[in-house]
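The stops below start at a pocket and then move along the chain.

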Amino acid sequence: MMEAVAQGLWSLADRWEEEGRLGQAIKCLEAICQSHVSFLPITDVKTRLRIASLLLRYTDNVSHAKSHLERAQLLLKQIPACFELKCRAYSLLSRCYHLLGTIPSEKQTLRRGLDLAMSLGEGTSYLLWACNFNLQLANALTTEGDYQAAMKVLESGLEISKQAFLPDLQMVFATSVLHVNLMQWEEDPAVVEQNMSRCETLWNLLPVDQRQACKGLYVYKLLLQVVFSLRTCDYKEATYHLGSLDTALADNGPAIQDEQHQLQQQLNYMEEQMKQASMSHGMLLDLRRQYQAIQRQIASSVQQGQSGENQLGSTNIGRLPLGPAPLDEEWLPKGAVLALVDLLGAMCMRPKGMFKQCSKRIESGLSRVHEELGKLGVTSDISEADLQHWAIWVVGIYLVLLLQLLENKAIINLTQTDLLATQEALVQILDCYSRFATMLQGFESNIHMLLGHYSHTMGCYQEAVFHFGEAFKMTGSKGMQAMSQISAALSYICVGDLSQALDLIAPVYKNMDSYVGVREKTSVLFVSGCLQMKQNNLQEARTRLATGLTITHKQLGNHQLLSQYLTVLGSMATTMRDTGQARDILKSSFTLAKALHDLPAQLGVLSELTVLFRELGETTKQHENAEYELRKREELRRCIDAARNSEHHLRLIQYGLALHPGTCD
């Protein structure tokens, strides 16, 4: 009799959920749990698992979901067998602990689930759950920074997936191993390359129809390949994979109605919650912000669906699960994936000076990030102290993307000598960092690098050296430390302190072949070449600069660095009376600098051309060039004066300084 009642309430809850009335659906289910008449324990368990699933999928009520799951676990201890229900309870409960930030409880729950799955022996279901718990456990260990333990768990999951003869799951684990590899790249670059090859081999072994069904996994693989290619400075390969990403994500898959249906369910639930007088004022404000954000999202998705747009970035792109249930979670929320693709696209094009296309990608990414943060209730007046613990992880993802997009925006603006726009981007970064300092503490080194480059461009070399020094201290990355030393050495050269520059550059130059990619090597060859030239070691300087130029041209393709190399080599050619070569080199350098709208670089070339024309006795060209140089110098002076007079200038160069600046007051 009572089981028939339960079946009726389950059916009614299904109908309410389909109609988007989540509150009524949960009330139907909770009527079973709160009934004075007893139901069978297994009925109670199934109901509580269903309630927890709904709460975790549609709401932020993690604590309520956790209470139901903990009660379900107590009941399950009294019931023999019920393997699937027990595994599902462990998996959902571990997810609650993850959202609440209680990692020890999460790991303990996952290990219990894994022990249960492994104790059952053979069977596809057991293998799938074992794989699921391995993947979740590796994620928890990675969150704690225990990468070695995470790798062992992932390799164990890979072996289990082999036993199950599930090639898509093998790919899930191989890709996850590669991800952890990339997080600790500098420890063993060879292992990273081996695992990259393994992923490609496993993917190619998948049948074509299975590849098409594994869209989330395909996107995950491509993202890691782009990151790998960018780090090894293989921009051609990175661009190729990025094109594949754009194509994959433009194929929107599930109909827009599915997304609108889920959003409407969330909206209806919020409407019911807002009617409850028991809510605190703060919770009500938070809920209203999310309510308004979802209203805007529904309106936007309806408009895009009606207009028939099928572009990358439309909100009707389906979920991107990594594998079959129960491993059907996403690596990142789809909004974060789209923003990450925009970020990587900008990073691929920036070295080539394709700033117009870069800016489109950056603005697209920023728009996505702000939209997603808005949905989470994160507005300009919110700080990390205001966040509920369940939101910290997902908000943190979008904040990191936000700062990296702004970082690229600042670099482009600085390269183009748009100093006011650079200030604006830097101020946005500092403001965001000040509100979420704990969550973004790993980004502080990047902030000081940016401020160092800004200070250097403004002629504030003492402050630049300070910021580069802080960047060195705040990172554990050997590559970042090398770049900070190289940048500080260049600032020292600009003020004539060659001894300090040599102390910084010598150890980097000595180990320049030990870094991944060629970014550090090409940079140290340039600065050490300049230093050798300042010390009148012209032949050694020319050798280093020529070597660096060749590598930069063939592998790095950074147009700004190419222009700088050519300017110095052109100057040396003039000094060594090789005037024909000097003219060609300097013209090429100016072409690059002008295309980048890099005023300091243009002035460097124009100054050298004036010297060259004087050496050649070409008086007319000398005067014309000198006049053009004067106009450009005045243009740069106006840019710098406007930036100096801005309210943001002192804040930026003095950030982190205990004393007032000494060279840029």
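Select His-370, Thr-379, Ser-380, Leu-402 and Arg-435: of the 14 residues that line the second largest pocket, these lie nearest its centre. The elements giving two or more residues to this lining are α17 (355–375), α18 and α19 (419–435). The largest share, four residues, comes from α19. The volume of the pocket is about 250 Å³.

Some conventions before moving on. This is a predicted model, in which local features need pLDDT of at least 70 and side-chain atom pairs count only at pLDDT 80 or more, while totals for chains, interfaces and linings use all residues. Residues are numbered from 1 along each chain as its sequence is written, and side-chain values use heavy atoms, with hydrogens and water left out. A pocket is an open set of points on a 1 Å grid over the protein atoms alone, with protein on both sides within 12 Å along at least five of seven lines; a cavity is a set where a 1.4 Å probe fits but cannot get out, and lining residues have an atom within 4 Å of a point. Grid points are joined across faces, edges and corners, and a volume is the space filled by probe spheres set on the points. Helices (H or I, at least four residues) and strands (E, at least two) are DSSP runs, numbered from the N terminus.

Next, select residues 389–415, which are helix α18. Its 27 residues reach 39 Å from first C-alpha to last, close to the 39 Å expected at 1.5 Å a residue (1.5 Å times one less than the number of residues). At Val-395, α18 bends by about 30 degrees, taken as the angle between axes fitted to the seven residues ending there and the seven starting there. Because 20 of its 27 residues are buried, α18 is largely enclosed by the rest of the structure. Buried means under 20% relative accessible area, exposed over 50%, and partly exposed in between (1.4 Å probe, protein chains only). Just after α18, Thr-417 has a positive phi of about 60 degrees.

Go to Ser-563 in helix α26 (residues 559–575). Is Ser-563 buried or exposed? Ser-563 is buried, at 1% relative accessible area. Beyond its neighbours within four places in sequence, Ser-563 is in contact with Ser-589, Leu-592, Ala-593 and Ala-601 (contact means heavy atoms within 4.5 Å).

Thr-550, in helix α25 (residues 538–556), is partly exposed at 39% relative accessibility. Draw a distance from its C-alpha to that of Tyr-565, 15 residues along the chain: the separation is 9.9 Å.

Now the cysteines. The whole structure has zero disulfides (pairs of cysteine sulfur atoms within 2.5 Å). Cys-348 is in none, with the nearest cysteine sulfur, that of Cys-358, 9.1 Å away; Cys-348 is buried at 5% relative accessibility. Cys-530 is also buried, at 10%, and its sulfur is 8.9 Å from the closest one, in Cys-494, too far for a bond.
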